[in-house]
Amino acid sequence: MRKDLFASIGLLVLAAAYYLNATTIPTSTLDEPGVPGPSTLPTILAAVLVVIALTLGARALAAAPPRSRSSDDKEDEAPWPRALGILGIAVLYLPAATFLGYPIALFLLLVAVALYERKRPDWRLFAVATGGAVFFWLLFDIVLGVRQPEGLLLPYLQSFF
Amino acid sequence: MLVTTPLAFAALGGLVWGVLGSSMPGMSASITMALLLPFTYTLEPTLAIVMLASCYIGAEYGGSVPAILIRTPGTNAAAATVLDGYEMNRQGRAGEALGISLWSGVIGGLWGLLMLILMTEPLSRLALQFRPTSYFGLGILGLSIIASLTGKSLLKGLAAATLGLMVSTIGTDPNSGVSRFTFGSPDLLEGIAPIFVMVGLFAVTELMTRSGVKPITISGARSIRVRLPRLPMMRKIARAQAVGCGIGSVEGLMPGAGGTLASFIAYNEARRWSKEPEKFGKGSEEGVAAPETANNTVASTALIPLLSFGIPGSNSAAVLLGGLLIHGLVPGPRLFEENPEVVVGLYTGSFVADIAQILVGTLILPASLWLVNRPKPYLSGFILALIMSGVYTVHQSLFDLGIVMTAGLLGYFMRYFGFPVLPAVLGVVLGNLVESNYRRSLQLSGGEFSIFLEDPISIVFLVLAVMVVSASLFNEWRVSAKARKERTA
């Protein structure tokens, strides 16, 4: 019930933000009177989402509190702080790839995820991460011929030679 | 010559990846396909679609491996296989169960392919009669069905569909050329590609959800071998397979129903028609054959509404739709007229995959078991690396990775709060179809809404949409009234 209430509030905030941005959509010179323009569907969607959010919230408030632990809580799923950690590692990959380049960023990603998943740091971890980075670099850059981020470090180092 | 070497390799490659990927608990068929999707961007369209379809076929068998060996289905559709498959394992008959699963998968796959070939083109001819009003009605019906059938709450399904439609409005409006919700970013002018939303909502969300959760391993892996059924066993399970084929044919056509529902209904019906119903739940061979035949039939029949009308019937079909879209292919009658080689290639590739399943499924079992037993910290890292590398191949843009991460975050919270993901995916995919046909219809009528009532096809679709939503609302009210009665009793 509490989850539904929070979800309802989240949807209302989203709908409000979406609607506010929808009001800034410029009208087109191609618009005809009486015919929907580029802001029509966004406005309708914002209204629909508000209705859904309010109904969900009202239902959550009217529902009886659960007698025992919510059936929505699953023991085989990560709690949200832990789950966000994995996403954080993935997000950090972006600047790493930009500055350090693909192979190094990938090595760091593999090490970071393994440590985050509670693998003890030992030579095997670094060997697997190195092997993995080399494997993916070979697969994408060489076999598939798809360039991955070059980074700034390697060109900078190359400028000295 | 229908079967060319590249096509055969694409089918085999997709099949192998599908079996390997789905044998890992938590990696559903749609996630396995979503991980493959960015790779297919560099391939020729026909090969890309064949690879994805073969991956779907392989995934339906792959999901039964952990279902039988460790009581944990690799895909949702393999959940019914646990009931008797795991019992057979406990009786020391794991190899036999895997063999029945594999053989039933081949039968179901071939039958589903036959249905796909026979039904798709006639249905797509019907779509030639469609006007903008019909397409609008079809989009609304598709979204209504998916919102009603997936997840426990119609309200949450509709909210998810609305969120998906909202994402589809980002970018340049195709009708007027005006920018919407781009916040001045040139990367958003082309909108959000469904492929990135799918990879984020399916694969990244799953990684986040499973972080830190104790992994499951398969003990005694080295001694397990697939034992294909001999003629007497094939005859014994034939009736159950026929039931699975029938159920799978019907369920696959219904958007949102999918392999999971088909496999459970097939299990129940096979028990009803069996000569030994008392054996079900205690290691019945028919109890493995029926659901496996059904979910493999669905792997092909779920493509019928996709190829005919462009409405994906399942998560996996939605990923296949993503594959079609990134190659500029539009499902429907135009696909048959403008790109017949893609359709023929899909049929041929699926046939190759169905037949090759016997050999691949048998040979690849040791590799599947090895992969499942890898330490989870390494497995999670490799999957994340695959996502980051694969997504980058599409446009060579780190911005796309940002979209995938954002979709992953959204998907995680949707899952946390109990919102189904498929309606959101469908909203992103169908949003342009729904909006552009809505506006085109009103342009033709000069703003008169009566145009939607002048098209009989549109009326049928809109009435069906109302009926589906009403039935779902009634059902929810009935369930909550019953629960209230039980609480007060």
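Trainee: Are α3(A) and α19(B) roughly parallel or antiparallel to each other?

Mentor: This is a predicted model. In it, the axes of α3(A), residues 80-100, and α19(B) come within 10 Å and cross at roughly 175°. Angles over 145 degrees count as roughly antiparallel. Therefore the two helices, α3(A) and α19(B), are roughly antiparallel.

Trainee: Which helix gives the largest share of the side of chain B that touches chain A?

Mentor: The contact takes 58 residues from chain A and 53 residues from chain B. On the chain B side, α8, α9, α18, α19 and α20 each supply at least two residues. The largest share is 12 residues, and it comes from α18(B).

Trainee: Is Gln396(B) buried or exposed?

Mentor: Gln396(B) sits in the loop between α18 and α19 of chain B. Its phi is positive, about 50°, although it is not a glycine. Gln396(B) has 11, so it is exposed.

Trainee: Where is Phe183(B) found?

Mentor: Phe183(B) also has a positive phi, near 50°, and is not a glycine. With 8 C-beta neighbours inside 10 Å, Phe183(B) counts as exposed. Its place is the loop between β2 and α9 of chain B.

Definitions and conventions: Residues numbered from 1 in each chain as written. Chains lettered and ligands numbered in written order. Predicted model: local features only at pLDDT ≥ 70, side-chain atom pairs only at ≥ 80, totals over all residues. Contact = placed C-beta atoms within 7 Å. Helix = DSSP H or I, 4+ residues; strand = E, 2+ residues; numbered from the N terminus. Axes fitted to C-alpha atoms, helices over the stretch in contact; angles between N-to-C directions. Parallel < 35°, antiparallel > 145°, perpendicular 65-115°, else oblique. Buried ≥ 20, exposed ≤ 12 C-beta atoms within 10 Å, placed from the backbone.
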